[in-house]
Amino acid sequence: MSDLTATVNVTKNGFHVDGYEKISYDFTFLDGVFNPENPQLAECYKRWGRVLAVTDLNVYNVYGEQIEKYFEYHGIDLKVHKTKIGEKAKTIPTFLSIVDSMTEFGIYRKEPVLVVGGGLVTDVAGFACAAYRRNTNFIRVPTTVIGLIDASVSIKVAVNYGNYKNRLGAYHAPMHTFLDFTFLRTLPTAQIRNGFAELIKISTCSHLDTFNLLDKYCEQLIETGFGRTDGAPKEVRDAADKINREGIHEMLKLETPNLHEIGLDRVIAYGHTWSPMHELVPETPLRHGHAISIDMAYSATLANSRKLISDEEHRRILNLFSRAGLSMDHPQFDEDILDKGTAAILKTRDGKLRAAVPNPIGSCTFINDIEISELNDALCRHKELMKGYPRNGEGLEAYVDASDTGYTDNNKQEVQALEKAAEEAGSLNGNGHIHGGKVGNGETNGTNGIKEKMANGSAKGLTNGVNGFTNGARA
């Protein structure tokens, strides 16, 4: 929720406005959020007597009956929009389908939509709420490790566009986020591993104590759903609760002074310098946790090459990724993708690389002045190091599958049309050197805009295009 206070002053030639937006929202740790004996969520909807819930189809298949009984018990009418959101379906058509449900429901201006699911669901549904009447409230109930640890902390909401992650989006805070870690009991191990990467991210660059706990309990945390499965040792459950609470708290301390990313030197951007480009490069996309792990592992090698972390710290970081079954390399993470990723992130970060790297473990520094040749040398060294790890540094279950709802169910004709739109939208050239945050010998050429026919909605094969809106490709 947000409130705006402002002043208007007369100037010689017109007026001057100073506006200050107060953003206020809450987090509640609550095991069993849909247990009828826990009225906290229902109380948010008592005023309305009804609720529109947007949820992942996989989540609904497991928890749908429980959610329906919960709201029935509390006398609240429930309508459910079941969606299929994976990286391939984190698109404008999916966004518009949620908007259509909000319209059919007749959502009131201040009435909160309930969003239940992983980070992809909260991203797209949150963006729909941000866009609907320019500001519609929502409440989040994340159900995955990434959703609980990472996406729940940020107020960023978005969809993918073209080959670019989260290219279209907004900053829109929820009213409330309920953090229920009992959802991890039914989460596939591949998704537990996927979210584990986000905890490595925040701890490596900002919280040594959490990194030490991840290092100590790595395999047990993944095998037991962070201590939530039956028979999990109390020691592991206690460690997991400490990791989760401190990880979220650290993320909030880093994010809340910079909710709208006015400051671009962001500690939590460790692992997010090159991953936005290479995550969607494979025909079947990498899971987000594996994509950022490749970036983090490579960034650690870069930091080690610069003597920012010791050889021992470097090995410790790489070994943790390996033990967790997370990716540290990929055949398509090559000099070309490194070059294109660098060019793309320079635009996002206002002309500077701002690559977050550990210095040492538990703290962070940002790399700006660097030659392309140094990046390529570090990549070559990194790939040589990967030969000494299982699978040459590739991860376990690294690619999205049916548990990442939306990927396998996309209409093939629609995907092909969207991919063609992205190809027509332009490409990136990022040759030359990066020095002092500038690109030399070849400025980046960003997207040149979609062809007029796409803007007018004349592309064939789109099943959900509305008023000419299309989504790029490979998203």
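Me: How many bridges join strand β4 to strand β6 (residues 113-117)?
Reply: Helices (H or I, at least four residues) and strands (E, at least two) are DSSP runs numbered from the N terminus. Two strands pair if DSSP finds at least two bridges between them. β4 and β6 run parallel, and the number of bridges joining them is 3.

Me: What pLDDT do local features need in this model?
Reply: Residues are numbered from 1 along each chain as its sequence is written, and side-chain values use heavy atoms, with hydrogens and water left out. The model is predicted: totals for chains, interfaces and linings use all residues, side-chain atom pairs count only at pLDDT 80 or more, and local features need a pLDDT of at least 70.

Me: Which residue of β6 is the bridge partner of Val-54?
Reply: Val-54 is among the residues that point one way from β4, together with Arg-50, Leu-52 and Asp-56. Its bridge partner in β6 is Val-115.

Me: What accessible area do Val-8, Val-10, Phe-15 and Val-17 have together?
Reply: Areas come from the Shrake-Rupley method with a 1.4 Å probe, and for residues only the protein chains shown count as cover. Patches take residues with over 30% relative accessible area and no salt bridge, joining like charges within 9 Å and nonpolar side chains (Val, Leu, Ile, Met, Phe, Trp, Tyr) within 5 Å. β1 (2-11) and β2 (14-23) each supply at least two residues of the nonpolar patch. Together, the four residues have about 470 Å².

Me: Why does Phe-15 count as exposed?
Reply: Phe-15 is placed in strand β2. It counts as exposed because its relative accessibility is 65%.

Me: Which residue's backbone oxygen does the side chain of Thr-342 reach at 2.7 Å?
Reply: Thr-342 is placed in helix α12 (residues 335-348) and is buried, with a relative accessible area of 2%. Its side chain is joined to that of Trp-274 by a polar contact of 2.8 Å, that is, a pair of N or O atoms within 3.5 Å; within protein, one must be able to donate a hydrogen and the other to accept it, and residues adjacent in sequence count only if both atoms are side-chain atoms. The backbone oxygen reached at 2.7 Å belongs to Leu-338.

Me: Which side chain makes a polar contact with that of Asp-311?
Reply: Asp-311 lies in helix α11 (residues 311-324) and, at 43% relative accessibility, counts as partly exposed. The contact spans 3.0 Å, and the partner is Asn-304.

Me: How many residues apart in sequence are the parts tied together by Glu-397 and Arg-193?
Reply: The two form a salt bridge, with the closest N and O atoms 3.1 Å apart; the term means a side-chain nitrogen of Lys or Arg within 4 Å of a carboxyl oxygen of Asp or Glu. Glu-397 is partly exposed at 47% relative accessibility, whereas Arg-193 is buried at 9%. Glu-397 lies in the loop between α13 (372-386) and α14 (412-424) and Arg-193 in helix α6 (residues 189-206), so the separation of the parts in residues is 204.

Me: Where does Lys-383 lie?
Reply: Lys-383 forms a salt bridge with Asp-329, the closest N and O atoms being 2.8 Å apart. This pair links distant parts of the chain, 54 residues apart, with Asp-329 in the loop between α11 and α12. Asp-329 is buried at 8% relative accessibility, and Lys-383 lies in helix α13.

Conventions. Buried means under 20% relative accessible area, exposed over 50%, partly exposed in between (1.4 Å probe, protein chains only).
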